[in-house]
Amino acid sequence: MSQDRFVTRHIGPRSHEIEEMLSAVGVSNMEELLEQTVPASIRLKQPLKLNEGLSERRYYRRILELAKKNKVYNTYIGMGYYDTITPAVILRNVLENPVWYTSYTPYQAEISQGRLEALLNYQTMVCSLTGMDIANASLLDEATAAAEAMVMMANLRSRKMVKDGVNTVIADEKMWPQTLDVLRTRAVPLGFELKVQSIHNIEFDDSVFGVLVQYPNSDGEVLDYSGVVGKAHEKEIKVAVATDLLSLAVLTPPGEWGADIVFGNSQRFGVPMGYGGPHAAFFSAREEFKRNMPGRIIGITKDIHGNRALRMALQTREQHIKREKATSNICTAQALLAIMAGFFGVYHGPEGITAIADRIHNIAAFLAQEIEKLGYRQVNQNYFDTIRIALPKHVMREDIEWLSLELEMNFRYFENGDVGISIDETTNPDDIEWIIEVFAKAANKKWQVAKEYPEGFSIDKKFKRTSAFMTEEVFNQYRSETEMVRYIKRLARKDISLTHSMISLGSCTMKLNAATEMLPMSWIEFNGLHPFIPKNQARGYHEMMEELRRDLSEITGMADVSLMPNSGAAGEYAGLMVIQAYHKSRGDDQRDVVIIPSSAHGTNPASAVMAGMKVVVVACDEKGNIDVNDLRIKAELLKENLSSFMVTYPSTHGVFESSIIEMCEIIHDNGGQVYMDGANMNAQVGLTNPRLIGADVCHLNLHKTFAIPHGGGGPGVGPIGVAPHLVDFLPSHPIMNNGHIGITAVSGAPWGSASVLPITYGYIKMMGAEGLTEATKIAILNANYLATALKNNYGILYTGENGRVAHELILECRHLKTSAGISEEDIAKRLMDYGFHAPTLSFPVHGTLMIEPTESESKGELDRFISALNSIFEEVKEVENGIADKIDNVLKNAPHTAESLIANDWAHVYDREKAAYPLDWVRDNKFWVPVGRVDNAWGDRNLICTCGSPEEYEAFSKK
């Protein structure tokens, strides 16, 4: 093994183990397995045209070289992005800790209690600061949260309003320009009329269902919206408020003046700017609207023993269940960043957050006072952190810009020549002096350095917050770093992540997130940049992104790539909107039908509906393949209106369908475009590509195939690659030239979640063409190794023409429910007793488990997983044969907590040893679940989505 080759660190099985695994699968070499798995018609004839893989040391030097090309100035642009101080205890123990960043979305609550508590803290903090009743666990960014608010308000229309065709939403012209652009993108396909108006001139006629305002607004001014809210509510119009979460420590929260929905960005709570993201958008609403809320909501329930437990609440709202009837396509959110923001709140508490907010306002007020002494005029009457400076006639904007850049500062420049300055947590006395010096020099005046630090300024009492917030115990007890790190560690111990064992979730690709790939996330040269700074201050970023776009284009066979979509579902939406723009450019406005297989992930139909399209489902045959005849019939029938065909490849059933080229040709012959969902790209890289297969658009999940970690439910990145005829339609940005001139923005930041792109860049550069292809081969081998070992006991639901699976497999469990009354959920929960995260449960086929091992898992780990599942099968047989009780058995009662196992009143017919240590190797790395099986139904019936006190919960749980 070469110590210099990164690929040998990324791939799990060693060379001799690969030979053993190939033999176990029943082939003599890797090429024979590939011939039996991947159709010859789609195999690449030439290797990828990528550079040879770099060693970790050489890559480190390369990324350091790029970092040095980024210039970290003091930036006062604001506009939704602000410098912040990430407490080192959070940076080191959360952002840089693989226990937190390698975990998955907490669908399996029993092994996710730590991050569930961290997210509940976040929700509680958001509710408390906004003055609202309920909040979700994060959305993708502020701009898309605004779009979600618009759709939610539409869904809250009364039956009469819907019947009367009420379809207008009003947005205040003083919202962030990037937010307005995303609202335009989302409104058009849904048939909403978006009116952008001055809040002072709003007319609420009978066509309006919702209004959106910004507080403070994009100028930085704080306005009284209570009158607007009152007039809106008189006409049953809902009001959504975009706000600065930190400002609400000192400003009256929107919930107290009648807002229906409050949303924004929690980035100021210790999450670096990162050249635009990722950041956790927050979203809160009134209690009565809880079932219309987009995104995931963490709630309190109880476990099988009656103890307090947490889980994701109201999951029937989610797209994987509601599909084309879903109100949102949100899947991946920003869990890791929400967790960081929540910990920021825990660490600082209400008094610390208030102190930060007061300090920011004091500095802004002091600057306004001193700059006005120099002959300038400060425009905003009331403000929190942002002042708007009108220049005297003898001072030019160019003077301010040149002088500020000389001192390595960035200001905001309005179209009329005014200058905006937004103060943040990092601003210090030296910065104040440099800012004032710029204005003094431009006005050719002298300014005397202040002897005292600015303080004593106050928000106007009519806007000043008087209510207490964040009074819960968790926000008032962890002030020392010692206590904080212990709290973070206590939560981390409750979760299974990749640091403990394999996470075999099908369609999720939980591969290695290498430490070398992750390092740049903590560097200020990458995380300290504002997305709207001049491009010459981010040359390292742009060089990296240009290389990344070229590499992803080569891997997919596409002509160009947009990095803007900040999740896989956002990539789906962006790709469909690009297709629709293409059709409209050709005069084919009527093409609004998308054909989607019945096996597709729920985000596909949900995204299609959001793009204004009608969904037609194509059937799958008894082998799990798309029914080509059904596809042909429907494509020909719909040819005048056919927009596109959404297809996942290999299929969601884990098979390389040999008819894929034929299916793409059918769509093209009938005037449609082919959209390929890149969820399963991990089985394609280096062996085939979407363009060769026939796709016109594909999205990539960089948080799957390309090594960005899942972070407990985000961040994700979903760039889209397109064929040459679609390049001109890739999404643009209203503020920054992102290299594309097509549709309006699909996210707030011009390059999406830029600060995590170095992870994918590093993965590709260190793997190289040969390594990437090798990874694909091993992913396929590992899946077939598992399939071979498990098929006799369970059965593999779908295989290809030669009996092979792609990179994942569906384990049949339905016959066990019939023979022994044991469900797939029982098996999933019992796996926790063996120390494993459950596979994907009942997707894409109810009653099954979908398994994806990835290339990063070693043969030893695969063998432990096999032994665990086969041991569970024997436990099922004991129930089936009457050896174990049908109700009181290790499967129905799984998982088993340490507390239940040491209890004096052990009442089960099986022994404790069998429950806790079903196999000898479990003792060496035992994961003790913190709670027993959770009661989801009880939690949904008795919804609590904030922390509360233990006493409140105890009283509540007695209901």
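**A helix pair and a pocket**

Biologist: In this predicted model, is the crossing of helix 5 and helix 16 left-handed or right-handed?

Modeller: The two helices to look at are helix 5, residues 88–95, and helix 16, residues 481–492. As for how helix 5 and helix 16 cross, the hand is right-handed.

Biologist: Are helix 5 and helix 16 roughly parallel or roughly perpendicular?

Modeller: Their axes lie 10 Å apart, and the packing angle is about 20°. Angles under 35 degrees count as roughly parallel. Therefore helix 5 and helix 16 are roughly parallel.

Biologist: Okay, on to the second largest pocket. Which element gives the most to its lining?

Modeller: That pocket has a volume of about 640 Å³. Helix 14 (397–406), strand 13 (409–410) and strand 14 (412–413) each give two or more residues to the lining. With four residues, the top contributor is helix 14.

Biologist: And how many of the lining residues of the second largest pocket are charged?

Modeller: There are 26 lining residues, and the closest to the pocket's centre are Met 79, Arg 412, Tyr 413, Phe 414 and Glu 415. Split by class, the lining has 15 nonpolar residues and three polar ones, and the charged residues number eight.

Notes: Residues are numbered from 1 along each chain as its sequence is written. This is a predicted model: local features need pLDDT of at least 70, side-chain atom pairs count only at pLDDT 80 or more; totals for chains, interfaces and linings use all residues. Side-chain values use heavy atoms; hydrogens and water are left out. Axes are lines fitted to C-alpha atoms, for helices over the stretch in contact, and angles run from 0 to 180 degrees between N-to-C directions. Angles under 35 degrees count as roughly parallel, over 145 as roughly antiparallel, 65 to 115 as roughly perpendicular and the rest as oblique. A crossing is left-handed if the near helix is turned anticlockwise from the far one by less than a right angle, and right-handed if clockwise. On a 1 Å grid over the protein atoms alone, a cavity is a set of points where a 1.4 Å probe fits but cannot get out, and a pocket is an open set with protein on both sides within 12 Å along at least five of seven lines; lining residues have an atom within 4 Å of a point. Grid points are joined across faces, edges and corners, and a volume is the space filled by probe spheres set on the points. Ala, Val, Leu, Ile, Met, Phe, Trp, Tyr, Cys and Pro count as nonpolar, Asp, Glu, Lys and Arg as charged, and the others, Gly among them, as polar.
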